[in-house]
Amino acid sequence: LFWWPVMGPAPSVPRLTPGMAMLYLFLAQIPMQILGAIITFADDVLYTWYADAPRTWGLSPLDDQKIGGLLMWVAGNLWIWGAMSVLFFRWARQERREG
């Protein structure tokens, strides 16, 4: 459902224009950026039950949480930035053809 306004073929939900689709994706990634930053920079383990969970990689619960926050913050948003890049270059190509 998230992607329908950007690339959905259904006529009931028409695609956004490239500029609006880039804005849509940019605004949609902001909450994940904020949450990833909060998790990354937290001084304590946010989920107390996680502190008692078995350690499988030898990391402390706080270090594991920070790595998870970084993955969410940086790597988790790369696909949205990639999609915005594709939209931008398609839009630029379309403008070049029309202009």
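Predicted model: local features only at pLDDT ≥ 70, side-chain atom pairs only at ≥ 80, totals over all residues.

Author: Quick definition to start: a helix here is a DSSP run of H or I with at least four residues, a strand is a run of E with at least two, and both are numbered from the N terminus. Numbering runs from 1 along each chain as its sequence is written, and side-chain values use heavy atoms, with hydrogens and water left out.

H4 covers residues 61-98. Its 38 residues reach 55 Å from the first C-alpha to the last, close to the 56 Å expected at 1.5 Å a residue (the expected span is 1.5 Å times one less than the number of residues). Still, H4 has a kink of about 35 degrees centred on Leu78. That bend is the angle between axes fitted to the seven residues ending at a residue and the seven starting there.

Now the inside of H4. Its buried residues are Pro61, Gln65, Gly69, Gly76, Asn77, Ile80, Ala83, Met84 and Leu87, where buried means under 20% relative accessible area, exposed over 50%, and partly exposed in between, using a 1.4 Å probe and protein chains only. Back to Gln65: it counts as buried because its relative accessible area is 8%. Leaving out residues up to four places away in sequence, Gln65 touches Ile39, Ala42, Asp44, Val45, Leu46 and Tyr47, with contact meaning heavy atoms within 4.5 Å. As for the cover over the buried residues of H4, it includes H1, H2 and H3.

Trp3 is partly exposed, at 27% relative accessible area.

So how does H2 sit against H4? The axis of H2 (residues 18-41) comes within 8 Å of the H4 axis, and the two cross at roughly 170 degrees. Those axes are lines fitted to C-alpha atoms, for helices over the stretch in contact, with angles running from 0 to 180 degrees between N-to-C directions. H2 and H4 are therefore roughly antiparallel (over 145 degrees; under 35 would be roughly parallel, 65 to 115 roughly perpendicular, and the rest oblique). The contact of H2 with H4 has 21 nonpolar, ten polar and one charged residues. Ala, Val, Leu, Ile, Met, Phe, Trp, Tyr, Cys and Pro count as nonpolar, Asp, Glu, Lys and Arg as charged, and the others, Gly among them, as polar.

H2 has a kink too: about 25 degrees at Ile30, shortly before the proline Pro31. The buried residues of H2, among them Leu25, Gln29 and Ile39, pack against H1 (4-7) and H4.

Finally, the loops. Asp43 is in the loop between H2 and H3 and counts as exposed at 68% relative accessibility. Asp43 is 23 residues from Lys66 in sequence, yet their C-alpha atoms are 9.5 Å apart. Thr56 lies in the loop between H3 (48-51) and H4, and Thr56 is exposed as well, with a relative accessible area of 68%. Thr56 and Gly99 are 43 residues apart along the chain, and 58 Å separates their C-alpha atoms.
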